[in-house]
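I opened my notebook and worked through this entry one look-up at a time. My notes follow the order in which I checked things.

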Amino acid sequence: MSIMNTQASPPTASLTRDDRPSDGPLRILCVEDNHGDYRLLEEHIREAALAINPHLERATTLAGAITRLEDGKEESPFDAVLLDLALPDSSGLDTYHQVRKAAPRTAIIILSGNNDRELALEMVEHGAQDYLPKNVITPDLLTRSILYAVKRQDYRTQLELLNERLRNTTQELQTTQMQIIQMEKLDSLGRIAAGVAHEVKNPLGILQMGVDYFARRREQFEGEHTHLILTNMQEAIARADTIIREMVDFSRSDQFEMKPCCVNTLVDRALRMVHHELVMRNITLIKEFTRPISMVSADSSKLEQVLINILMNSIQAMPNGETLKVRTHYALIEAAQRDEGRREMDRLRQDDEVVVIEVRDHGPGIAPEILDRVFEPFFTTKPTGEGTGLGLSVAKRIIELHRGNLQVQNVINPQGLRVRIILKATDPPEPTTSTVPSPRHHLALEPLTLASS
Amino acid sequence: MNKKRVLIIDDDIALTQMVKINLEDTGHYDVLVQNRSNRALPTAREYNPDLILLDYIMPDMDGGDISAQLRSDPLLQNVPVIMVTALVTNGEMNGDGFVHRGGHIMVAKPIKFEKLEQCIDKCLMNAL
């Protein structure tokens, strides 16, 4: 350690007090039980006052120091702590940790005696900013040490903040990466679907030609079941064809094409896609469609995607033969709560006439504490590997783009979940040939409170 | 009554066989099958069909390309072409079961034979 001039010399420019983020004096807590040692320190600091503007306080025990540090923690934290090692209630390395815990953003300078240099070094290893052997302290040394220590602590704090920001950015990047992968998967799904469709359609074509050939010659067959067999085969081909066509429709990643849609037709198509799952789990399906029903403006394949997602969630919530109820009906918006972030134009408002698709299951519902999170991308309650957690977040986005509203609510009696897709009614329903006025005007429109989705 | 000459261009051997059987079974058509899409043009020139059934997606040459080539051939440009496709969306199906895409008549696979006959009749009548 070089011997410094006893005269206070100005410290280097980079360490002047003005450089520090906070204004005002340098708040120093000196933890020293020995009165003589303390007096000396006090004097040294007074002499150093030319360079720094110290506000000095004293504690004589570790416990006292901790109390003092914690009291000032929020509003007026200390900038530096001068910590003597030989306190009456100190206990080795733990002393340092306790002080650090009480003052996470404060520079800690260890004042070591003759025999505890090793301990002092250890504390520096653990995060103390500096150590000073008491017998060589001069005003300049003390000044330098304090200023450097405070600066170093500042850097440390900034580093922690930057690290935090880095962590967040990395997290965001990972999320975005996952989203891109997911989109690519959906893309290849479309291509795979097209390939499958092609491969299956030709065999279906062959079967169709065969059925047609034998149907033309059915009188020649003796069996009594000929007609029935041919009918069944014909229908089987039609069914397979329909499913394939709907799958291709569904997997197409086209632009949004809004066209007049009938929600009943749409729901029927979605139900056909999940029919197998319903059967497998022995689920009873109850359909309550309002007919005729007003059209809505929608991209039918996207809306179908949403519906299938909702239906599958409900189906998966009911593993053992419960009931699934699907309704379509009109409603009148009774009251609309402000949905922050939605542009005025897009919002459904009070007195709007809407068409509602409602899916009601008898599963366990969603725990209230996670109900808010169901629309988060990648949030899922399914075990790892099952589903991506994207479903409802994409669904919400799609409904938003339709200028509609998606509601998810727990129901109590009987327990279950109710999901509603609410879309503005556009054209009146298809005109019927009968003279009876359309039910639309007679049906009591159900009032619907619109909570933000 | 003269039989109409139908040329089928499609890579699927079994399917084209079945369609040929059904068409010739009616007694109204003579059918030639070409499973190799790169032989489509020369075959058409030689056979001089009244109507062509053309598969849209094939391994070697795209149905769209072939259709363009047919149209630019002086001998063949007035021959009606029915495109057959596996990929039709629900939105594109009209009431009559025939799809109109970009000026072409298209039929979806699989198609009932009765419907195919109707489509062929319609095309041949329009061509006259």
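Two packed helices are described by the angle between their axes and the distance between the axes. I looked up both. Helix α3 (residues 93-102) and helix α4 (residues 117-126) of chain A pack at about 35°. Their axes are 9 Å apart.

Which residues meet there? From α3(A) I noted L93(A), T95(A), Y96(A) and H97(A). From α4(A) I noted L119(A), E122(A), M123(A) and H126(A). I sorted the residues of this contact into four nonpolar, three polar and one charged.

**Chain A as a whole**

I counted elements next. Chain A holds twelve helices and 13 strands. Of its 453 residues, 40% are buried. I also checked contacts between residues at least 6 apart in sequence: 77% of them join residues at least 24 apart.

**The cores**

The largest nonpolar core has 42 residues. L307(A), L311(A), L324(A), L406(A) and I421(A) have the most contacts inside it. Several elements of chain A give two or more residues to this core, including α7 (263-273), α9 (300-316) and β9 (323-336). Which element gives the most? I found α9(A), with eight residues.

Then I followed L307(A). Leaving aside neighbours within four places in sequence, I found L307(A) in contact with L266(A), V267(A), A270(A), I357(A), V359(A) and I421(A).

Most residues other than glycine have a negative phi, and most peptide bonds are trans. I looked for exceptions.

- N282(A) has a positive phi of about 60° and is not a glycine. I placed N282(A) in the loop between α8 (275-280) and β7 of chain A.
- R403(A) also has a positive phi of about 60°. R403(A) sits in the loop between α11 and β11 of chain A.
- The bond from R291(A) to P292(A) is cis, with omega near -10°. P292(A) is in the loop between β7 (284-288) and β8 of chain A.
- K109(B) and P110(B) are joined by a cis peptide bond, with omega about -10°.

Is N282(A) buried or exposed? It is exposed, because its relative accessible area is 59% and the cut-off for exposed is over 50%. R403(A) is partly exposed, at 48%.

**Confidence**

The model has ipTM 0.89 and pTM 0.49. Chain B averages a pLDDT of 84. Among its elements, strand β5 (residues 99-101) has the lowest mean, 60. Where pLDDT is low, the predicted coordinates should not be read in detail.

Methods:
Residues numbered from 1 in each chain as written. Chains lettered and ligands numbered in written order. Predicted model: local features only at pLDDT ≥ 70, side-chain atom pairs only at ≥ 80, totals over all residues. Heavy atoms only, no water. Core = buried A, V, L, I, M, F, W, Y, C linked by side-chain atoms within 4.5 Å. Buried < 20%, exposed > 50% of the residue type's maximum accessible area, 1.4 Å probe, protein only. Helix = DSSP H or I, 4+ residues; strand = E, 2+ residues; numbered from the N terminus. Contact = heavy atoms within 4.5 Å. Axes fitted to C-alpha atoms, helices over the stretch in contact; angles between N-to-C directions. Nonpolar A, V, L, I, M, F, W, Y, C, P; charged D, E, K, R; others polar. pLDDT = per-residue confidence, 0-100.
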